Amino acid sequence: MRDIGEPDESELSVTAPKTWAAGTPGVVHALQYALGQTSPKRTALTLLNVNQAKGIDCPGCAWPEPAPGKRHLNEYCENGAKHISDEATSRRVTAEFFQRHSLDELSRKSDYWLNQQGRLTEPMVLREGADHYEPIGWDEALELLADELRALDHPDEALFYTSGRLANEPAFLLQLFARAFGTNNLPDCSNMCHESSGSALNETLGIGKGSVTLDDLYNADLVFVVGQNPGTNHPRMLSALEETKRRGGSVVAVNPLPEAGLMRFKNPQKARGIVGRGTAIADQFLQIRPGGDLALFQALNLMLIEAEDKEPGTVLDREFIDAHTTGYQAFAEHLRATTSWDEVLEATGLSQDEIEQVHARVLESRGVIVCWAMGLTQHKHGVPTIREVVNFLLLRGNIGRPGAGVCPVRGHSNVQGDRTMGIWERMPRSFLDRLGDEFRFTAPTAHGLDSVDSIRAMLDGRAKVFLGVAGNFVRATPDSDVTERAMRNCRLTAHISTKLNRSHTVCGRTALILPTLGRSDRDVQAGGEQFMTVEDSMSEVHATRGRLAPASARLLSEVAIISRLARKVLGSAPEIPWEDFEADYGLVRDRISRVVEGFEDFDERVRRPGGFRLPNPVNDKVFRTPSGKAVFSVNDFTMLRAPKGHLILQTLRSHDQWNTVPYAMDDRYRGIKGGRRVVLVNSADLADLDIPDGGLVDLVGVWSDGSERRADAFRVVAYPTPPGSAAAYYPETNVLVPLDSVADISNTPTSKSVIVRLERRRASASQPRAESPLRR
């Protein structure tokens, strides 16, 4: 295998941002990446099976597929093709690789380099005091982990982390094992992204997930796309919005940065996307200040209430409000008493005319959907913002009817399914009781630790063993230096993974790498060839079946690893048939059907092409809140202000990136080529700060306690950000997000509202000269 070198950012070049997304370039880039990873035969076998009814669910985003019979032969996007090809790579990380590379050397490698080495092939152990991983047999590796778990003074000293790559069956078994062991410490990636959505929706609607289907999106009169970049993070959403436009609907984009996919989409699956101009997606773009969405929706809500005052019975859905909601009067009185146009315009950075144009669109639309992602959730006031979005939809009855509703867009394949399966540190008592009744044990009821609190627990020695199932905890979490110190404080860290990542290089005193099958690998157990299931962003549950020969004969499935570990730790108490579960995943689904609501006859129903949709009580106007009604909430106005000489920084993905993994050093739609350590800043702010476009700076994050965090050597790029704000890629800038800077209620890191200043720096021999202009 050819050696993959570290990227060189000294030749960074910048061109104008793109004004459209996908088209032929998207196809070409996807195929180039795929063919760079593996053979044409494996590429074809993989891509022709992605997102098909009997194929492989894309391990990338959680955007749903059209119904069987309505899917394209190539039912994937550019980033989905790259992600599945990345997993299907022919490159291998063997024991010999770890002999050549010490832990110290690996810890200094980039995220890009680590990922590009290929698939892990056998269990490895880093013994206490060693600087090289060495091979270890499966039985010995699991016994080592089991010994550490059994030696803990209390089960709550263990952490069981998952990312959204985990399918339903292993997710269910992981939470069963953790709770049978005696803890609810089940942090997951949702803690860092959509926890604010779940908190707000549970409080106001009684269920922590979205209410819409693809058909609803197609038939909506108006769709808000707020705080998200579909062209990069879930590109197949653009196909759905294209259909919305084709049927006469309108789209309003609300985001701090102009995003190419929301300007114009050239669908590569259609002729007009190859030879034509494509489809203009956003009818109106509101370039909002970071964190200004709460003020925007408060203004829109007050305008609707005042329009109803002028023409009673013509604006608000009073019948719906009176029959199905509570709290309207207090909500309306609060808005009337506290909303100031001066504050709204300052907080949003918008003009009153722009907001009035949106108001007019709302009045013309019967069915309205609001879609959102991290741009809303990762702020201190993320939960109130989403509650205000719910207020907006309730006012005109846009909850529980076709073509309307809430649509939190999940950015990871099965993150919603994992939560449904019980991966949550605060599962309701009803779930815990059903789980305990089914398996004849008493599940713990004390709330466990989420991701942020898990870092604190490791830091102060309350958590001593960390098991990560999929994901890259070290790079996904905030306050990188603190997180790394916390992980190194553990007695043992273990990761069930498909590929190498930074978390394998930041270890406890002892560390294990437990390699597993990927989504694209065939999974054959004692009971025959197996399949697993996932739940997408719109509550559709369907099967996923690998098609490729496993990357190594020494890999185990996640179900097998969890089942074998559970047998070693728990023995026969309680009496759970772990060995049977490993042999036949259908037996796991049978148990899920008796524990998880909506999964009755799970194994039978999910075998049907396309699977099934989980019931959503909201669509029957059933709200599982204490009052039995949807809740209008009162939310105080909040505005984030940066001190003079500082900016509000939001962290974001580049186009060639999936979660913490960059596939290339480019961000094609934003015009960045050959580098990731860049910071995008409004040209007027650069002039005020006396920093040249192309200059080299350190990013210095400031926190309310007076502490500072640094991310060094970033190239400044003049870019159309809102005045007073900046943007840079994560995970490189996670170091700037304080562990204590979290959203109220949800405890989600505030990665979209980091206060920073830019310090000019002198170039060193290893860095490009600050005076050299960017190539444009």
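**Cysteines in context**

A: Of the 776 residues in the chain, 65% are buried, meaning under 20% relative accessible area with a 1.4 Å probe and protein chains only. Before going on, note that this is a predicted model, where local features need pLDDT of at least 70, side-chain atom pairs count only at pLDDT 80 or more, and totals for chains, interfaces and linings use all residues. Residues are numbered from 1 along each chain as its sequence is written, and side-chain values use heavy atoms, with hydrogens and water left out.

Contacts (heavy atoms within 4.5 Å) with a separation of 6 or more come to 79% from residues 24 or more positions apart.

Now the cysteines. A disulfide is a covalent bond between the sulfur atoms of two cysteines; the cut-off used here is a pair of cysteine sulfur atoms within 2.5 Å. Searching the whole structure turns up 0 disulfides. Take C407: its closest cysteine sulfur belongs to C371, and at 3.6 Å that is too far for a bond. C407 is also buried, at 3% relative accessible area. C490 is in no disulfide either, with the nearest cysteine sulfur, in C507, 10 Å away. C490 has 0% relative accessibility, so it counts as buried.

How values were computed: Buried < 20%, exposed > 50% of the residue type's maximum accessible area, 1.4 Å probe, protein only.
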